[in-house]
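This briefing is for a reader new to the structure. It covers backbone features and the surroundings of the ligand.

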Amino acid sequence: MFPEIRPRRLRRTPALRRLVEENRLSPAELVLPLFVKEGLIEPKPISSMPGVVQHSRESLRKAAHEAVSAGVGGLMLYGVPTDDHKDETGSAGLDPAGILNVGIQDLVAEVGDSTVIMSDLCLDEFTSHGHCGVLAADGSVDNDATLALYAELGVAQAAAGAHMVGTSGMMDGQVGVVRRALDKAGYQDVSVLAYSAKYAGAFYGPFREAVQSSLKGDRRQYQQDPPNFREALREVDLDVAEGADIVMVKPALAYLDVIAAVRERVDVPVAAYQVSGEYAMIEAAAANGWIDRERAILESLTSIKRAGSQITLTYWATEVAQLLHRF
Ligand code: PBG
């Protein structure tokens, strides 16, 4: 009899397939990014991310509650100030009454310790030029001047009640500077989620609409170049050495090789960010009837997990968490 060995045996019924499934998503590993916009009365749809909105402070609380009820593991908050609150140095980020900091407080009041409250530690949402840092005289982003502001941002977010800050600006030394500032201010227990390997790719397009970014150029002087792999490992090593509690690769689907290599290399938890463009691609194809939306969402998230992501940021977190309760 040939073949004697038949892998198909274990695929025959749903029960067999479930028994041998190697990777199974769970709500707790999903983190929901949320946008809160200053001055909104009603939530405002983001056209390039169908189903995602800029929240008012009130709708933010509702969305947080819904996510936590579904078992979502964490929330990542982005603040969107009004244009008149943007300036050269992004000072609205430091203001305790700035939209991100009050949004953090709202989340703490609504869901407290029942999930992990994370905040974006970056300046791009707050700067008039849209860059992730402050500009030097020649128009380039000044790394070290930006670090000093990141230190203050971290302390402001911790003071507002964030459990974890997400350093997403890709400045050299940002994790170390933020870690030291948090410790010095008495926030030793606030953790740092390091956006360690963050690539300057095309997949952040819809996010720019979500935060109404004023960026004209690009971020290639600080975010990584997509062809590079070894460089990502170097970034990750540096962040771990500087005290990162979790390291992240971003975007996810186009960088599964990087996720897998980082997972092999470090002992801290590894996260991945399924970014706005990844979301938009599936939503757009599904809206045209070209792919099965639910299956494509689950397959993409499962592939990110299979590559080695232990924690995944996704705009579908609540929906997927609810869906998983069916299985
Ligand atoms: C920077 C930041 C960005 C995203 C998360 N944090 C924008 C960028 O780097 O250009 C993108 C997230 C997404 O596209 O979903 N604060």
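**Backbone and ligand shell**

Met170 is buried, with 24 other C-beta atoms within 10 Å; a residue counts as buried if 20 or more other C-beta atoms lie within 10 Å of its own, exposed if 12 or fewer, and partly exposed in between, with C-beta atoms placed from the backbone. This is a predicted model, in which local features need pLDDT of at least 70, side-chain atom pairs count only at pLDDT 80 or more, and totals for chains, interfaces and linings use all residues. Residues are numbered from 1 along each chain as its sequence is written.

**Positive phi**
- Met170 is not a glycine, yet has a positive phi of about 60°.
- Met170 sits in the loop between strand E6 (164–167) and helix H5 (174–184); helices (H or I, at least four residues) and strands (E, at least two) are DSSP runs, numbered from the N terminus.
- Gln212, also a residue other than glycine, has a positive phi near 50°.
- The loop between helix H6 (205–210) and helix H7 (230–241) holds Gln212.
- Gln212 is partly exposed, with 17 other C-beta atoms within 10 Å.

**Cis peptide bonds**
- The bond from Phe2 to Pro3 is cis, with omega near -5°, and Pro3 lies in the segment before helix H1 (14–19).
- The bond from Lys250 to Pro251 is cis, with omega near -10°.
- Pro251 belongs to the loop between strand E8 (246–250) and helix H8 (256–265).

**Ligand surroundings**
- Residues around the ligand include Asp120, Cys122, Arg219 and Ser276, where a residue is near a molecule if its C-beta atom, placed from the backbone, lies within 6 Å of it.
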